[in-house]
There are 2 protein chains.
Amino acid sequence: MPSKTTAAPKMPRATLEAVASEASVSVATASKVLNDRPGVSPETRERVAEALRRNGYRKRGTERAYAPQIEIVFESLDGEWAIELIRGAVRVARAHDLTVTVTESGVRHSVAPGWAKAVSRRQPAGVILVASDMPPSDKFELRARNVPFVIVDPAGDPAPDVPSIGSTNWSGGMAAANHLIGLGHTRIGVIAGSDDLMATRARVDGFRSAMRAANLPIDDTLIISKDLAMEASPEPGLQLLERAERPTAIFATSDIKALGAYEAARALGINIPDELSIVGYDDLPVAHWAGPPLTTVRQPLREMAQEAAKLVIRLRQEEPTSTVDRLELMTSLVVRGSTAAPRA
Amino acid sequence: MPSKTTAAPKMPRATLEAVASEASVSVATASKVLNDRPGVSPETRERVAEALRRNGYRKRGTERAYAPQIEIVFESLDGEWAIELIRGAVRVARAHDLTVTVTESGVRHSVAPGWAKAVSRRQPAGVILVASDMPPSDKFELRARNVPFVIVDPAGDPAPDVPSIGSTNWSGGMAAANHLIGLGHTRIGVIAGSDDLMATRARVDGFRSAMRAANLPIDDTLIISKDLAMEASPEPGLQLLERAERPTAIFATSDIKALGAYEAARALGINIPDELSIVGYDDLPVAHWAGPPLTTVRQPLREMAQEAAKLVIRLRQEEPTSTVDRLELMTSLVVRGSTAAPRA
């Protein structure tokens, strides 16, 4: 069941005069900021932008004119989540007589400079950004042009001032650990990838909590946190499995990392699940096809994109509000063939 | 190396008078057909449409006005090819300052009624249709509105009057068979799926040719051709493997069908590749992750979409011609762990 943190009360529309007065600038200066013209210091620009945003001020004439499409923006389409998110967005858009435009921003964990201007020129009905955050200037650009936007974030933890859809990372990590603990594992390795992603930290923290609740010691040398250029690399798995006293189970914070651990186990002749249990995270289609099929924590990617599309359509229809939506969809454990009780 | 069947000579623009005269109707009638107004018999409409098409006639005023986007249309986004095709189209579009709109038509092997009208209202720079064919009325609609379109067709064999991008299905089937024959297999099963897809037939024919060239008998009862609602079903694999004298190898005309055969082998305790070799078709990402990794015929899906995007952009820039492009990209065999010599 989704947990929803805020309702969305309406606010009256402000005049530019009121906004200028609130930011202690002239109407001319406020207008320059609104229309992105030069001659305003960065500090003043930021102060006016904030006042415009706070008041939900929109440019005159931007209320109705928009293209009948939602734009979904990925850093890169090479990510494994892309198709499920596109599927979700297309289904909801279609029900509202909208199409979905897919663009690639091309900058890791964020969007490229100039992106927001290009989007606002296209004037989509709304934007779904698959990323963790965007620069303040881009947020201002989209808000000033009345382009509603929502972040879908299967990897990180988005900025608090942007409506966003995520999933319950901490609970997911806990569910993975509890499954392994329930099978009898006590010595569990973790392949965690980059520590700068909040989602990764939440997943690992959920894992730690479950271990503590079961009164099991946590061996920090069994938790491999590194930024893997190639997520599927067998290297972290080899690091865990070549130890004298190797773990009997591994929790990987993504399916692709779990498949890297498969490769490591295969290279060392270690049988899954007889000699090693592995739990992944995401439930990509590949989890079903791996040999053996991968036990994993399911992120409802398609549903997340559906909720994002619904939210962005709702934001388009409503007056701007001072509150920000954050919706977290539930993760769930999918048990397949890669986990079993440890050998006695 | 791509084989390209035609060049594209230019044609002079026809007047509506000339078209009407050619179709033996009045200009008023020709205009009705052009503007999709009632009061014309179906036969006359078809004759005028054909004359308009043959002359590359475009509506006045439709030359320049189009949205800076390419539309890629899938019957369903649930297909396994979708993301690779989207990736290819987005990369090329981006290089031309275009975006890509993704829509779903929702009708098997073809497009839904009314689809072409909806597209021409959106006036994209061009359309990439992932399907085998479209109704003549839709072709006419897009041509009359000057929306260039190209078919990308990883599954079937498109109509001869539409520019299209495919891959070398017959050669692919031959390469799969030659690989198995080279390993020493002589009794090879085929899981072929629906026989109404030309691509399937071409792949199976390539297989047959390789068998004949090697002077091996072809046992037609080992070729399972059926339309599988669930491609991944283990059922055809079970049918082949539960026989008294079972084949030592299977060629499946898609990776997903090959993975269905994996399930069948797993259910019967048959080891891949020691007791059974399997070759797939497509080289989806999942082929790399299957256990064991799947030997398969690679369709260059991303490159096919790139060529489609380039072609549709070229069609937008050029005068209409009376010739039709057909580009077939080369398939190639990717050898992984699912194939080996048969047991002596």
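Is B:Leu183 buried, exposed or partly exposed? B:Leu183 counts as partly exposed, at 27% relative accessibility. Here buried means under 20% relative accessible area, exposed over 50% and partly exposed in between, with a 1.4 Å probe and protein chains only.

This is a predicted model, in which local features need pLDDT of at least 70, side-chain atom pairs count only at pLDDT 80 or more, and totals for chains, interfaces and linings use all residues. Residues are numbered from 1 along each chain as its sequence is written, chains are lettered from A and ligands numbered from 1 in the order in which they are written, and side-chain values use heavy atoms, with hydrogens and water left out.

**B:Leu183 and its surroundings**
- B:Leu183 sits in helix H7 of chain B. Helices (H or I, at least four residues) and strands (E, at least two) are DSSP runs, numbered from the N terminus.
- Leaving out residues up to four places away in sequence, B:Leu183 touches B:Thr339, B:Ala340, B:Ala341 and B:Pro342. Contact means heavy atoms within 4.5 Å.
- B:Thr339 lies 156 residues from B:Leu183 along the chain, with 8.3 Å between their C-alpha atoms.

**Helices H7 and H8 of chain B**
- The axes of H7(B) (residues 169-183) and H8(B) (residues 198-213) come within 7 Å and cross at roughly 40°. Axes are lines fitted to C-alpha atoms, for helices over the stretch in contact, and angles run from 0 to 180 degrees between N-to-C directions.
- H7(B) and H8(B) are therefore oblique to each other. Angles under 35 degrees count as roughly parallel, over 145 as roughly antiparallel, 65 to 115 as roughly perpendicular and the rest as oblique.
- Residues in this contact include B:Trp170, B:Met174 and B:Ile181 of H7(B), and B:Arg203, B:Asp205 and B:Phe207 of H8(B).

**Strand S2 of chain B**
- Seven of the eight residues of S2(B) (residues 67-74) are buried.
- S2(B) pairs in the parallel sense with S4(B) (residues 124-130) over six bridges. Two strands pair if DSSP finds at least two bridges between them.
- In that pairing, B:Ile70 stands opposite B:Gly126 in S4(B).
- S2(B) also pairs in the parallel sense with S3(B) (residues 99-104), over six bridges. B:Gln69 stands opposite B:Thr99 in S3(B).

**A:Glu328 in chain A**
- A:Glu328 belongs to strand S12 (residues 326-329) of chain A.
- A:Glu328 is partly exposed, with a relative accessible area of 25%.
- The C-alpha atoms of A:Glu328 and A:Met304 are 8.4 Å apart, with the two residues 24 apart along the chain.
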